[in-house]
Amino acid sequence: MAHRVQELLVLVVLAIFPKAIFGKLNCSSKAGDAPVAVAEGSNGYCLSWRLAVEANNIRAWRTVPPQCQRHVESYMTGGQYDRDLNLIADQVMAYADGIAVSDDGMDAWVLDIDDTCISNMFYYKGKRYGCDPFDATGFKAWAVQGECPAISTVLQLFQKLVEDGFKVILLTGRDQETLGLATFNNLLNQGFLGYERMIMRTPAYKGQSAIIFKSDIRRQLVEEGYRIWGNIGDQWSDLQGQFVGNRTFKIPNPMYFVP
């Protein structure tokens, strides 16, 4: 009888305080053995974190939160990143199709390069998808190899814009002196043909933020007579500042932030 009463008391306690009891059990569990409830909670935070990053509500972040490594990896490699890209490309083309392209050759689009046209995901896989701090030397060593694969959705979008008569200008913060040839060949090998020009960072812009650098380049383009109908980039710094164009389109990138 006493044993039966004890069992009933245990059941009552479990019914009243399940979260508290399992919460204590979770705290003592190993990371690799985390119960579903913990994994879901972490994923919920990481979903919110990624949304805040894409909405530019979190700024100047240096690394992906450690607990979000698997979330970012899953997002980038599990299909959702590709689905998001496809939706964005559809919106770009719906907008571009409504533009009457002039025969003066001055209707332009500005596209960023890194993680807009070509992907650095393989490099960032080795950096735990952004959980490790940015390594300028390591990234340059990767980029100089010229092996970044095209982001296929953007490549198709790029080709359509060129076919429709737009002048596509590639604007990147990559250093012209050290990465110019490697970047040119990388783009060529991945099928980016027919763009108007590729503009890279020169010594004149050394030390300047991406916003200042790209704003000044776009100003020069506008002064040359180009009409910037659209601007596509994976960083908010690609899309902010002056002379950003009629419309901007943000490519998802939860792996790093460029001020």
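Tutor: A cavity is a set of points on a 1 Å grid over the protein atoms alone where a 1.4 Å probe fits but cannot get out, and its lining residues have an atom within 4 Å of a point. This is a predicted model, in which local features need pLDDT of at least 70 and side-chain atom pairs count only at pLDDT 80 or more, while totals for chains, interfaces and linings use all residues. Residues are numbered from 1 along each chain as its sequence is written, and side-chain values use heavy atoms, without hydrogens and water.

Student: How many cavities of 30 Å³ or more does a search of the whole structure find?

Tutor: The search finds three.

Student: Which residues line the second largest cavity?

Tutor: Leu85, Ile88, Ala89, Val92, Thr153, Val154, Leu157, Ile232 and Ile251 line this cavity, which holds about 40 Å³ of space. H5 gives the largest share, four residues. By class, eight lining residues are nonpolar, one is polar and none is charged.

Student: How do H5 and H8 pack, and at what angle?

Tutor: Two packed helices are described by the angle and the distance between their axes. H5 (residues 80-96) and H8 (residues 152-163) pack at about 10°, with axes 10 Å apart. Axes are lines fitted to C-alpha atoms, for helices over the stretch in contact, and angles run from 0 to 180 degrees between N-to-C directions. H5 is therefore roughly parallel to H8 (under 35 degrees; over 145 is roughly antiparallel, 65 to 115 roughly perpendicular, the rest oblique). The contact (heavy atoms within 4.5 Å) includes Leu85, Ala89 and Val92 of H5 and Thr153 and Leu157 of H8. Seven residues of this contact are nonpolar, two polar and one charged.

Student: What volume does the largest pocket have, and what lines it?

Tutor: A pocket is an open set with protein on both sides within 12 Å along at least five of seven lines. The largest has a volume of about 930 Å³. It is lined by 34 residues, and Phe134, Phe139, Gly173, Arg174 and Val258 lie nearest its centre. The lining has 13 nonpolar, 10 polar and 11 charged residues.

Student: Which cysteines form a disulfide?

Tutor: Cys46 and Cys68 do (sulfur atoms within 2.5 Å), with their sulfur atoms 2.1 Å apart. The link is left-handed, with -90° about the S-S bond. Cys46 is in helix H3 (residues 36-54), and Cys68 is in the loop between H3 and helix H4 (69-77), 22 residues apart.

Notes:
Helix = DSSP H or I, 4+ residues; strand = E, 2+ residues; numbered from the N terminus. Nonpolar A, V, L, I, M, F, W, Y, C, P; charged D, E, K, R; others polar. Points joined across faces, edges and corners; volume = space filled by probe spheres on them.
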